[in-house]
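Dear colleague,

Please find below the structure for your review. My findings follow directly after it.

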Amino acid sequence: MQGSTVDRPENIINSPVSVETTDHAVAHHEEHQDLRVLGLLTFLGSESLMFGGFFATYLLLWGATEVWPPEGTEVELFLPTINTIILVSSSFVIHKGDTAIKNNDVKGMRLWYAVTALMGIIFLGGQAYEYLTLGYGLTENIFANCFYLMTGFHGLHVLIGVCLILGVIWRSRREGHYSNVKHTGIEMAEIYWHFVDIIWIILFTLLYILTLF
(Lines give C-alpha, C1' and ligand atoms only; values in the text may rest on other atoms or scores of the structure.)
Protein backbone atom coordinates (compact mmCIF):
# COMPACT_ATOMS: atom_id res chain seq x y z
CA MET A 1 0.00 0.00 0.00
CA GLN A 2 1.30 3.46 -0.90
CA GLY A 3 0.15 5.12 2.33
CA SER A 4 1.87 2.58 4.58
CA THR A 5 4.86 3.74 6.64
CA VAL A 6 5.61 0.40 8.28
CA ASP A 7 8.70 -0.31 6.25
CA ARG A 8 10.26 3.13 6.34
CA PRO A 9 13.67 3.07 8.10
CA GLU A 10 13.08 6.35 9.94
CA ASN A 11 9.99 4.91 11.59
CA ILE A 12 11.89 1.85 12.72
CA ILE A 13 14.73 3.94 14.17
CA ASN A 14 12.41 6.32 16.02
CA SER A 15 9.92 3.72 17.18
CA PRO A 16 9.30 3.12 20.92
CA VAL A 17 10.33 -0.51 20.44
CA SER A 18 13.76 0.58 19.20
CA VAL A 19 14.23 2.92 22.16
CA GLU A 20 13.14 0.20 24.55
CA THR A 21 15.58 -2.25 22.99
CA THR A 22 18.43 0.26 23.36
CA ASP A 23 17.57 0.90 26.99
CA HIS A 24 17.52 -2.83 27.62
CA ALA A 25 20.95 -3.21 26.00
CA VAL A 26 22.40 -0.43 28.19
CA ALA A 27 20.91 -1.99 31.30
CA HIS A 28 22.30 -5.38 30.30
CA HIS A 29 25.75 -3.85 29.77
CA GLU A 30 25.70 -2.22 33.22
CA GLU A 31 24.64 -5.52 34.76
CA HIS A 32 27.55 -7.23 33.02
CA GLN A 33 29.97 -4.70 34.53
CA ASP A 34 28.62 -5.39 38.02
CA LEU A 35 29.09 -9.11 37.48
CA ARG A 36 32.71 -8.55 36.51
CA VAL A 37 33.35 -6.80 39.81
CA LEU A 38 31.56 -9.62 41.63
CA GLY A 39 33.75 -12.12 39.79
CA LEU A 40 36.88 -10.27 40.90
CA LEU A 41 35.69 -10.20 44.52
CA THR A 42 34.98 -13.93 44.36
CA PHE A 43 38.48 -14.57 43.00
CA LEU A 44 40.05 -12.43 45.72
CA GLY A 45 38.02 -14.34 48.30
CA SER A 46 39.55 -17.60 47.10
CA GLU A 47 43.02 -16.04 47.16
CA SER A 48 42.38 -14.88 50.73
CA LEU A 49 41.68 -18.47 51.72
CA MET A 50 44.95 -19.58 50.14
CA PHE A 51 46.96 -16.92 51.95
CA GLY A 52 45.03 -17.74 55.12
CA GLY A 53 46.26 -21.33 54.81
CA PHE A 54 49.84 -20.08 54.53
CA PHE A 55 49.42 -17.86 57.59
CA ALA A 56 47.89 -20.66 59.67
CA THR A 57 50.64 -23.11 58.68
CA TYR A 58 53.33 -20.57 59.52
CA LEU A 59 51.87 -19.95 62.99
CA LEU A 60 51.53 -23.69 63.68
CA LEU A 61 55.14 -24.32 62.71
CA TRP A 62 56.25 -21.37 64.81
CA GLY A 63 54.41 -22.75 67.83
CA ALA A 64 55.97 -26.19 67.36
CA THR A 65 59.55 -24.87 67.12
CA GLU A 66 61.63 -23.83 70.13
CA VAL A 67 63.81 -21.25 68.35
CA TRP A 68 62.09 -19.10 65.74
CA PRO A 69 63.51 -18.23 63.36
CA PRO A 70 66.17 -20.98 63.54
CA GLU A 71 69.81 -19.96 63.81
CA GLY A 72 71.33 -18.77 60.57
CA THR A 73 68.12 -17.20 59.28
CA GLU A 74 68.14 -13.71 60.73
CA VAL A 75 65.57 -11.24 59.41
CA GLU A 76 66.53 -7.66 58.55
CA LEU A 77 63.94 -4.94 59.05
CA PHE A 78 65.27 -1.86 57.26
CA LEU A 79 64.71 -2.76 53.60
CA PRO A 80 61.34 -4.50 54.17
CA THR A 81 60.16 -1.42 56.08
CA ILE A 82 61.07 0.84 53.15
CA ASN A 83 59.32 -1.61 50.81
CA THR A 84 56.23 -1.58 53.04
CA ILE A 85 56.06 2.21 53.05
CA ILE A 86 56.29 2.23 49.25
CA LEU A 87 53.60 -0.40 48.75
CA VAL A 88 51.16 0.99 51.30
CA SER A 89 51.62 4.51 49.92
CA SER A 90 50.82 3.19 46.45
CA SER A 91 47.27 2.41 47.61
CA PHE A 92 46.69 6.12 48.20
CA VAL A 93 48.27 6.94 44.84
CA ILE A 94 46.09 4.52 42.87
CA HIS A 95 43.00 5.88 44.61
CA LYS A 96 43.88 9.34 43.29
CA GLY A 97 43.79 7.81 39.81
CA ASP A 98 40.32 6.41 40.46
CA THR A 99 39.19 9.83 41.72
CA ALA A 100 40.62 11.46 38.58
CA ILE A 101 38.65 9.27 36.17
CA LYS A 102 35.44 9.91 38.12
CA ASN A 103 36.09 13.57 37.38
CA ASN A 104 36.53 12.61 33.71
CA ASP A 105 40.27 13.32 33.93
CA VAL A 106 41.80 10.53 31.83
CA LYS A 107 45.27 12.09 31.78
CA GLY A 108 45.24 12.39 35.56
CA MET A 109 44.23 8.75 35.86
CA ARG A 110 47.09 7.70 33.58
CA LEU A 111 49.58 9.69 35.64
CA TRP A 112 48.56 8.26 39.01
CA TYR A 113 48.28 4.72 37.67
CA ALA A 114 51.72 5.02 36.07
CA VAL A 115 53.17 6.17 39.40
CA THR A 116 51.49 3.23 41.12
CA ALA A 117 52.96 0.79 38.61
CA LEU A 118 56.41 2.32 39.15
CA MET A 119 56.04 1.94 42.92
CA GLY A 120 55.07 -1.70 42.44
CA ILE A 121 58.15 -2.29 40.28
CA ILE A 122 60.37 -0.64 42.91
CA PHE A 123 58.83 -2.91 45.54
CA LEU A 124 59.63 -5.98 43.44
CA GLY A 125 63.18 -4.72 42.88
CA GLY A 126 63.62 -4.27 46.64
CA GLN A 127 62.31 -7.77 47.26
CA ALA A 128 64.68 -9.24 44.69
CA TYR A 129 67.62 -7.39 46.31
CA GLU A 130 66.56 -8.74 49.70
CA TYR A 131 66.57 -12.30 48.36
CA LEU A 132 70.09 -11.84 47.00
CA THR A 133 71.47 -10.48 50.28
CA LEU A 134 69.71 -12.63 52.89
CA GLY A 135 72.46 -15.23 53.01
CA TYR A 136 70.16 -18.25 53.07
CA GLY A 137 68.03 -20.02 50.50
CA LEU A 138 64.67 -21.69 50.18
CA THR A 139 65.81 -25.06 51.58
CA GLU A 140 67.83 -23.74 54.54
CA ASN A 141 65.17 -24.63 57.14
CA ILE A 142 61.41 -24.54 57.67
CA PHE A 143 61.38 -20.80 58.39
CA ALA A 144 63.28 -20.01 55.18
CA ASN A 145 60.89 -22.25 53.28
CA CYS A 146 57.85 -20.38 54.64
CA PHE A 147 59.52 -17.01 54.12
CA TYR A 148 60.33 -17.52 50.45
CA LEU A 149 57.05 -19.26 49.69
CA MET A 150 54.83 -16.57 51.18
CA THR A 151 56.79 -13.52 50.05
CA GLY A 152 57.37 -15.04 46.61
CA PHE A 153 53.68 -15.86 46.15
CA HIS A 154 52.78 -12.34 47.20
CA GLY A 155 55.42 -10.94 44.83
CA LEU A 156 53.73 -12.83 42.01
CA HIS A 157 50.47 -11.07 42.89
CA VAL A 158 52.24 -7.71 42.87
CA LEU A 159 53.61 -8.48 39.41
CA ILE A 160 50.10 -9.38 38.19
CA GLY A 161 48.80 -6.14 39.69
CA VAL A 162 51.45 -4.11 37.88
CA CYS A 163 50.46 -5.80 34.61
CA LEU A 164 46.78 -4.99 35.26
CA ILE A 165 47.60 -1.33 35.91
CA LEU A 166 49.73 -1.10 32.78
CA GLY A 167 46.89 -2.76 30.86
CA VAL A 168 44.49 -0.06 32.09
CA ILE A 169 46.90 2.65 30.95
CA TRP A 170 47.30 0.98 27.56
CA ARG A 171 43.56 0.65 26.99
CA SER A 172 42.99 4.28 28.01
CA ARG A 173 44.73 5.33 24.78
CA ARG A 174 41.44 4.75 22.97
CA GLU A 175 39.38 7.90 23.21
CA GLY A 176 36.24 7.35 25.25
CA HIS A 177 37.31 3.92 26.51
CA TYR A 178 37.24 5.22 30.09
CA SER A 179 35.20 8.11 31.43
CA ASN A 180 33.37 9.28 34.52
CA VAL A 181 30.52 6.89 33.64
CA LYS A 182 32.61 4.03 32.26
CA HIS A 183 35.46 2.99 34.53
CA THR A 184 34.82 -0.55 35.75
CA GLY A 185 38.23 -1.78 34.59
CA ILE A 186 39.95 1.01 36.52
CA GLU A 187 38.04 0.20 39.70
CA MET A 188 38.85 -3.51 39.37
CA ALA A 189 42.57 -2.77 39.11
CA GLU A 190 42.32 -0.59 42.22
CA ILE A 191 40.44 -3.23 44.20
CA TYR A 192 43.04 -5.84 43.29
CA TRP A 193 45.88 -3.51 44.30
CA HIS A 194 44.31 -2.79 47.70
CA PHE A 195 44.04 -6.55 48.24
CA VAL A 196 47.75 -6.96 47.48
CA ASP A 197 48.59 -4.23 49.99
CA ILE A 198 46.45 -5.73 52.76
CA ILE A 199 48.07 -9.15 52.31
CA TRP A 200 51.53 -7.57 52.49
CA ILE A 201 50.70 -5.78 55.76
CA ILE A 202 49.79 -9.14 57.29
CA LEU A 203 52.93 -10.76 55.88
CA PHE A 204 55.14 -7.94 57.11
CA THR A 205 53.65 -8.25 60.59
CA LEU A 206 54.09 -12.04 60.75
CA LEU A 207 57.49 -12.43 59.07
CA TYR A 208 59.26 -9.32 60.33
CA ILE A 209 57.62 -7.48 63.22
CA LEU A 210 56.51 -10.45 65.34
CA THR A 211 59.60 -12.47 64.48
CA LEU A 212 61.96 -9.74 65.72
CA PHE A 213 59.96 -8.62 68.71
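The count of disulfides in this predicted model is zero. A pair of cysteine sulfur atoms would have to lie within 2.5 Å to qualify. As for individual cysteines, Cys146 is buried, at a relative accessible area of 9%, while Cys163 is partly exposed, at 48%.

Regarding the secondary structure, the chain contains six helices and zero strands, which gives the pattern α-α-α-α-α-α when read along the sequence. Among contacts between residues at least 6 apart in sequence, 80% join residues at least 24 apart.

In soluble globular proteins, nonpolar side chains tend to be buried together. Here, the largest nonpolar core comprises 45 residues, and the members that touch the most others are Tyr58, Met109 and Tyr113. At least two residues of this core come from each of helix 2 (16–63), helix 3 (78–102), helix 4 (106–133), helix 5 (142–171) and helix 6 (184–212). Helix 6 makes the greatest contribution, with 14 residues.

Which residues does Met109 touch, leaving aside those up to four places away in sequence? They are Gly97, Ala100, Ile101, Val168, Ser172, Tyr178 and Ile186.

Finally, on burial and surface: 38% of the 213 residues of the chain count as buried. The chain exposes about 12,600 Å², of which carbon and sulfur atoms supply 66%.

With kind regards

Note on methods:
Residues are numbered from 1 along each chain as its sequence is written. This is a predicted model: local features need pLDDT of at least 70, side-chain atom pairs count only at pLDDT 80 or more; totals for chains, interfaces and linings use all residues. Side-chain values use heavy atoms; hydrogens and water are left out. A nonpolar core is a set of buried Ala, Val, Leu, Ile, Met, Phe, Trp, Tyr and Cys residues joined through side-chain atoms within 4.5 Å. Buried means under 20% relative accessible area, exposed over 50%, partly exposed in between (1.4 Å probe, protein chains only). Helices (H or I, at least four residues) and strands (E, at least two) are DSSP runs, numbered from the N terminus. Contact means heavy atoms within 4.5 Å. Accessible areas come from the Shrake-Rupley method with a 1.4 Å probe; for residues, only the protein chains shown count as cover.
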